[in-house]
Each structure stands twice: as C-alpha cells, then as structure tokens.
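Work through these exercises with the model open. Try each task before you read its solution.

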Amino acid sequence: MKILVTGVAGFIGFHTARRLCHDGHQVIGLDNLNSYYSVELKQARLSQLAAYGNFRFRLLDVADKQALLAMFAEGAFDCVVHLAAQAGVRHSLDNPDIYAQSNLVGFLNVLEACRAHRPEHLIFASSSSVYGLNERMPYATTDPVDQPVSFYAATKRANELMAHAYSHLYGIPTTGLRFFTVYGPWGRPDMAPFKFTEAILGGRTLDLYNEGAMSRDFTYIDDIVEGLVRLIPLPPTDGVGVPNKVYNIGFGSPVKLLQFVECLEEALGMRAIKNFLPLQSGDVVDTWADTRELEERVGFRPQVAVPVGVQSFVDWYRSYYGV
C-alpha cells in the first residue's frame, strides 16, 4: 500500500513508519520538525528511516493547507495515518494558540485533503486525556467525554467530533485511537519515563505529583504499533451508519507511578530521589483502558509488561546517550 504518515519524526510516527517500511509498504512521511523538544532526536529518528528504500520524507506542516493539498494531489494514498499534533498536556496551559493551529486547523486540513483525494482509510491519533474528569474505571469508549481538564484534551476530543462529521457528510472512513501513556525506545523527552531516567542518572530529584498517588495504563510502543497497523486494512465500512470508529489502545492494566519508578530503579541499578508534590493543573490521577473492542476487531492484545518495556527503554537510552 501507499501510506502517508504525518508526524513521522515523532515518537509514534517514527515507529509506525519503520514497521510499515519493514512490511514492504510505500511510506511517505511528513513532519514540520518543530522545536517543542529536541530536533536532533527527531533527525536521528529520520536517519533510521532513511535506510529504507521505500521511505520518502517531506518537510511540511499540516497547518499549511495549500502545501498539504498539493502533496495529496501528487498521487493517491491508500491510507493516511495522521499522528502530527502539538503534544503535551502541560504545555497547552501556557501555549493554547499552538494547539489550535496544529491540532484543530491542521486536522481540518487533513480532513479536507482526504475529502478531495479519498484514501480508503484515515486513522488519527486521539488521546486517553479526553476522559478528563471521568471517574468510572476502566475507561470505555461508550463513556461520556465532555469534561476535559486541559486544552490539549479538548483539541483531541474536537478531532474525534470533526472526523465523525466528515465521515457522515462525505463518507470518509475514519478511525480514532485514544493512546494510553505510550513509552519505549526513541520516546519523547517530555514524558515521565524519559524525565525520570534523566533525573535518576543525574542524581536529581524526581517530581512526583499528587504525592505519587497516581497510576497510568503504560503501553509499550511495539504494542501500540501492532494494534495500529492491524487496523489499516479494516476501515469502519460495514454499510450501516457512519463509517467512523474510536478505539482505546492501551495495555489494559494500570500501574502505580511508584511501581513504575521501581522498575526504572531496577533497570538502571540506581535509586531515585523522590520529591512529592501536589496534583498539577490539567493532570488526571488514574488512567485505565477498556481495550476489548479493539482486541475483538484486530485479534491482538498488548503483550509487553512494564518491567520488560522499561528495561528496553533504559537499554536504548544508555546506548543513544552513551551513559
């Protein structure tokens, strides 16, 4: 297949594109290489992808509608995997305009490009953060999601609604994936596994919010990619209703934050210095994915337990940074 991956220099985008290239698909990846976190890390991911003869990179911002439409006009894509977005819950508290431009305008441009050039399937990134103030566990896609606690979460919920509208109006098959705390090699430096590893190795304190009394449904990157690629040939087109679907994609079992830190300590062979702090604005205390719908659809459930995934991340970190 000919597949477009947006946000290809990002964490999930890179791993997805690498898997698709390995599977023999023709992959076109685009990214704007913004400086939210290390551009050097993004370039290093791209250098890994450059080794594949079936990969081509385009430096392009999805917020640039004319450039995006021109790229789509060059040749039809069988599938679009839209992972480009401004990430980070806390960053959205201080910089909402960036999120509106990338996550709202950018996503609208992708939808418009798909309306004009009709891929067989559009898969896009949503987030577990859409569950907001929900207290029922585990989170199910049938739960109401109208109480976001961050602007980032609001943009991701907006993406789901926008996709539904375009599926209804124009028959574009769209699938949204609510990712749950993805971690692993080549991960994002703004996320807990990366920050905690840096702090432990550097002898600095770990800031643990809500006094450390939090849990997350940590999901290893290879499991995320497996679920995603299995969905590519399965657009929601059963002939009944709107061709639109949203799935949770997570491990399906929450891990306490302090347990996760213990796994890092074990993998690093070092003890963490912990600094317990109150809950931050925009944070939720717990996440837990009900993944049964996705498992039934694709015949796969995540396999990588946290201690194994953490060791893999630490091994990569030590190798990449030479520590």
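**Exercise 1.** How many residues apart are Phe-313 and Trp-316 in helix H11, and what separation in helical turns does this give?

*Solution.* This is a predicted model: local features need pLDDT of at least 70, side-chain atom pairs count only at pLDDT 80 or more, and totals for chains, interfaces and linings use all residues. Residues are numbered from 1 along each chain as its sequence is written, and side-chain values use heavy atoms, with hydrogens and water left out.

Step 1. Locate the helix. H11 covers residues 306-321. Helices (H or I, at least four residues) and strands (E, at least two) are DSSP runs, numbered from the N terminus.

Step 2. Take the spacing. Phe-313 and Trp-316 are three residues apart, so about one helical turn separates them. An α-helix has 3.6 residues a turn, so residues three or four places apart point the same way.

**Exercise 2.** Classify two aromatic pairs, Phe-218 with Phe-260 and Phe-313 with Trp-316.

*Solution.* Step 1. Apply the rule. Rings of Phe, Tyr and Trp (its six-membered ring) pair if their centres lie within 6.5 Å; planes under 30 degrees apart count as stacked, over 60 as edge-to-face and the rest as tilted. The count comes to 26 aromatic pairs.

Step 1. Phe-218 and Phe-260 are stacked, at 4.0 Å centre to centre with 15° between the planes. This pair links distant parts of the chain, 42 residues apart. Phe-218 lies in the loop between strand E9 (215-216) and strand E10 (219-220), and Phe-260 in helix H9 (residues 257-268).

Step 2. Phe-313 and Trp-316 have ring centres 5.9 Å apart and planes at 40°, so this pair is tilted. Both residues belong to one aromatic cluster, whose members include Phe-14, Trp-186 and Phe-194.

**Exercise 3.** Is Thr-16 buried or exposed, and which residues does Thr-16 touch beyond four places in sequence?

*Solution.* Step 1. Buried means under 20% relative accessible area, exposed over 50%, partly exposed in between (1.4 Å probe, protein chains only).

Step 1. Thr-16, in helix H1 (residues 11-22), has a relative accessible area of 0%, so Thr-16 is buried.

Step 2. List the contacts (heavy atoms within 4.5 Å). Thr-16 touches Val-81, Leu-83, Val-225 and Leu-228.

Step 3. Check helix H8 (residues 221-231). Nine of its eleven residues are buried, among them Val-225 and Leu-228.
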